[in-house]
Amino acid sequence: METSINGAEDRKERLIAHLDCTPKLILVGNSARYQESRFTGIPFTSEQQILDGLVPRVQLPEGVNRLSKRGKPMRDKTAEIVWKALYEHGFATSTILCNTVPWHPEGERGAGSDRLPTHREIHLGRIYLQSLIDMHPDVPIAAVGMVAEKAMHDLGVHYNGIKDPDIVGFDEFRESLDAILVSLAFSNAVA
């Protein structure tokens, strides 16, 4: 449960702040997860990362020190790996994080669980995704997971695929993400 009665508006404001950059990379995930964007509004971003001030352009209002009412701030291993890699490779301030399905598909246990999005949810999410890609037509895209990769393929967009860490494990995910970021950093340095 969120600490603010204006949770949806707060998430929207954080997402708007996150998107306010000139991106060098768009990182696309499958769908919002409950331990990250379900509360933060930003894909691949947990409550703890926002509280620690690790998300560029996103600041909590004066006096706000939590997003959820859970005992401890929410953390997400994938989110931690993504942000660590973005900082290490110099992409933290110039990456847009988004999802194929921008809302949280609740799992069997309700809001505190995740599930893969349905075909209908993926189809509806493409409107948002296509709009974001259209705004940044020359920005490289990395797609994390099968849902994101299929969406990119169906949209006819060139992308670099990264396997879902829930399937391949966090070490292989990190290596794949690092390889793409190193390649992009080299391309930008040469350009």
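Author: A residue counts as buried when its relative accessible area is under 20%, and as exposed when that area is over 50%. The model here is predicted. Of the chain's 191 residues, 48% count as buried.

Reader: What makes S94 buried or exposed?

Author: Set the value against the cut-off. S94 has 5% relative accessibility. Buried means under 20%, so S94 counts as buried.

Reader: Where does S94 lie, and which residues is S94 in contact with?

Author: S94 lies in the loop between α4 and β2. Leaving out neighbours within four places in sequence, S94 is in contact with C21, T22, P23, K24 and L25. K24 is 70 residues away from S94 along the chain, yet their C-alpha atoms are separated by 5.4 Å.

Reader: And what makes Q59 buried or exposed?

Author: The relative accessible area of Q59 is 72%. Exposed means over 50%, so Q59 is exposed. Q59 also sits in a loop, the one between α3 (47-51) and α4. From Q59 to R14 the C-alpha distance is 7.8 Å, although 45 residues of sequence lie between their positions.

Reader: How many helices and strands does the chain have, and in what order do they run?

Author: There are eight helices and six strands. Starting at the N terminus, the order is α-β-α-α-α-β-β-β-α-β-α-β-α-α.

Reader: Which strands form the open sheet, and in what order?

Author: The sheet has four strands, ordered β2-β1-β5-β6, with parallel pairing. From one strand to the next, the twist averages 25°.

Reader: How do you know that β1 and β2 pair?

Author: Count the bridges. Pairing needs at least two, and β1 and β2 have six, so they pair, in the parallel sense.

Reader: How many bridges join β5 to β1, and how many join β5 to β6?

Author: β1 and β5 have three bridges. β5 and β6 also pair over three bridges. At least two are needed, so each of these counts as a pair. On the β6 side, V144 is partnered by I162.

Reader: Why do β2 and β6 stand at the edges?

Author: β2 (95-101) and β6 (160-162) each have a single partner strand, so one side of each has no neighbour in the sheet.

Reader: What makes β1 largely enclosed?

Author: Seven of the seven residues of β1 are buried, so the rest of the structure largely encloses this strand.

Reader: Which residues touch the most other members of the largest nonpolar core?

Author: That core has 25 residues, and L27, V82, L86, L97, I162 and L177 touch the most other members. Elements giving two or more residues to it are β1 (25-31), α4 (77-88), β5 (141-144) and α8 (170-190). Apart from it lies another core of 15 residues, including C21, I26, L129 and A148.

Reader: What does V82 touch?

Author: Beyond four places in sequence, V82 touches L27, F44, L97, F173 and L177.

Reader: Where is α5 kinked, and which of its residues are buried?

Author: The kink is about 30° and is centred on R126. The buried residues are E121, I122, G125, L129, L132 and I133.

Reader: What does α5 pack on?

Author: α5 packs on the sheet, where it touches β1, β2 and β5. Its direction makes about 155° with that of β2.

Reader: Which residues of α6 are buried, and what covers them?

Author: In α6 (residues 146-155), the buried residues are V147, A148, E149, A151 and M152. Their cover includes β1, β2, α5, β5 and β6. After α6 comes G156, with a positive phi near 70°.

Note on methods: Residues numbered from 1 in each chain as written. Predicted model: local features only at pLDDT ≥ 70, side-chain atom pairs only at ≥ 80, totals over all residues. Heavy atoms only, no water. Bend = angle between axes of the 7 residues up to and from the residue. Buried < 20%, exposed > 50% of the residue type's maximum accessible area, 1.4 Å probe, protein only. Core = buried A, V, L, I, M, F, W, Y, C linked by side-chain atoms within 4.5 Å. Contact = heavy atoms within 4.5 Å. Axes fitted to C-alpha atoms, helices over the stretch in contact; angles between N-to-C directions.
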